[in-house]
Amino acid sequence: MATNRTFTMIKPDATQENHIGGILSMIEEGGFRIVSLKKVLLTPERAGQFYEVHKERPFYGDLVKYMSSGPIVAAILEKDNAVADFRTLIGATNPAQAAEGTIRKKYAKSIEANAVHGSDSDENAQIEGNFFFTADEQF
Ligand code: GDP
């Protein structure tokens, strides 16, 4: 079911360099409404659970270590066509290939420390949002 919602995390590189406000501004200026928002320090176990789908990929161990290396900001966002439009706003995974005007172009440091996460489907947006927020936190 299409929900017009997506899920994002501001990753540890960006929170540690004080880019939370800058990134949230780009998100709001991009037409997204912030439905839910919290700052969390993930344990390696919890980060591993979140990225379970990438378990077989060679960078899984590094990714889990990185995502638990400092606080992240988790958010559910709302907009028409939220998943696709948010992927456009964040830009390519590798910031070297990210388009001008995207969040990753402005804030990402590397293919791993790439400032933000964005869900890749409506189904995953729902799963990921529910990973961080209870129903009464999604309004
Ligand atoms: P995304 O959907 O654009 O976030 O990209 P993927 O789903 O392919 O990868 C998930 C996350 O894993 C990325 O956002 C990066 O933080 C990290 N990642 C992706 N590719 C690599 C890689 O080649 N090396 C490392 N170290 N991390 C990667």
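In this predicted model, Arg87 sits in helix α5, which spans residues 82-90. Its relative accessibility comes out at 36%, so Arg87 counts as partly exposed, falling between the 20% cut-off for buried and the 50% cut-off for exposed. Setting aside residues up to four places away in sequence, Arg87 touches Gly118, Ser119 and Asp120.

Arg87 also turns up in the UniProt record. The "binding site" annotation there, from an unreviewed entry, covers Arg87 along with Lys11, Phe59, Thr93, Arg104 and Asn114. Each of these, namely Lys11, Phe59, Arg87, Thr93, Arg104 and Asn114, is included in the lining of the largest pocket.

Then there is the ligand itself. The residues surrounding the ligand are Lys11, His54, Arg57, Phe59, Leu63, Arg87, Thr93, Arg104, Ile111, Glu112 and Asn114. For His54, an N or O atom of the side chain is 3.2 Å from a ligand oxygen, and for Arg57 the corresponding side-chain distance to a ligand oxygen is 3.2 Å. Taken alone, the ligand exposes 550 Å², and the protein buries 80% of that.

Asn114 deserves a look of its own. Asn114 is found in the loop that runs between α6 (103-107) and β4 (116-118). With a relative accessibility of 2%, Asn114 is under the 20% cut-off and therefore counts as buried. Not counting residues up to four places away in sequence, its contacts are Lys11, Asp13, Tyr66, Thr93, Arg104 and Ala108.

Leaving aside neighbours within four places in sequence, Ala108 is in contact with Pro95, Ile103, Ala113, Asn114 and Ala115. Ser36, for its part, lies 72 residues from Ala108 in sequence, and the two C-alpha atoms are 23 Å apart in space.

Note on methods
Residues numbered from 1 in each chain as written. Predicted model: local features only at pLDDT ≥ 70, side-chain atom pairs only at ≥ 80, totals over all residues. Heavy atoms only, no water. UniProt positions renumbered as here; feature names shortened; annotations may be inferred. 1 Å grid on protein atoms, 1.4 Å probe; cavity = no way out; pocket = protein on both sides within 12 Å on 5 of 7 lines; lining within 4 Å. Helix = DSSP H or I, 4+ residues; strand = E, 2+ residues; numbered from the N terminus. Buried < 20%, exposed > 50% of the residue type's maximum accessible area, 1.4 Å probe, protein only. Contact = heavy atoms within 4.5 Å. Near = heavy atom within 4 Å. Polar contact = N/O pair within 3.5 Å; in protein donor to acceptor, adjacent residues only side chain to side chain. Areas by Shrake-Rupley, 256 points an atom, 1.4 Å probe, with all protein chains shown as cover.
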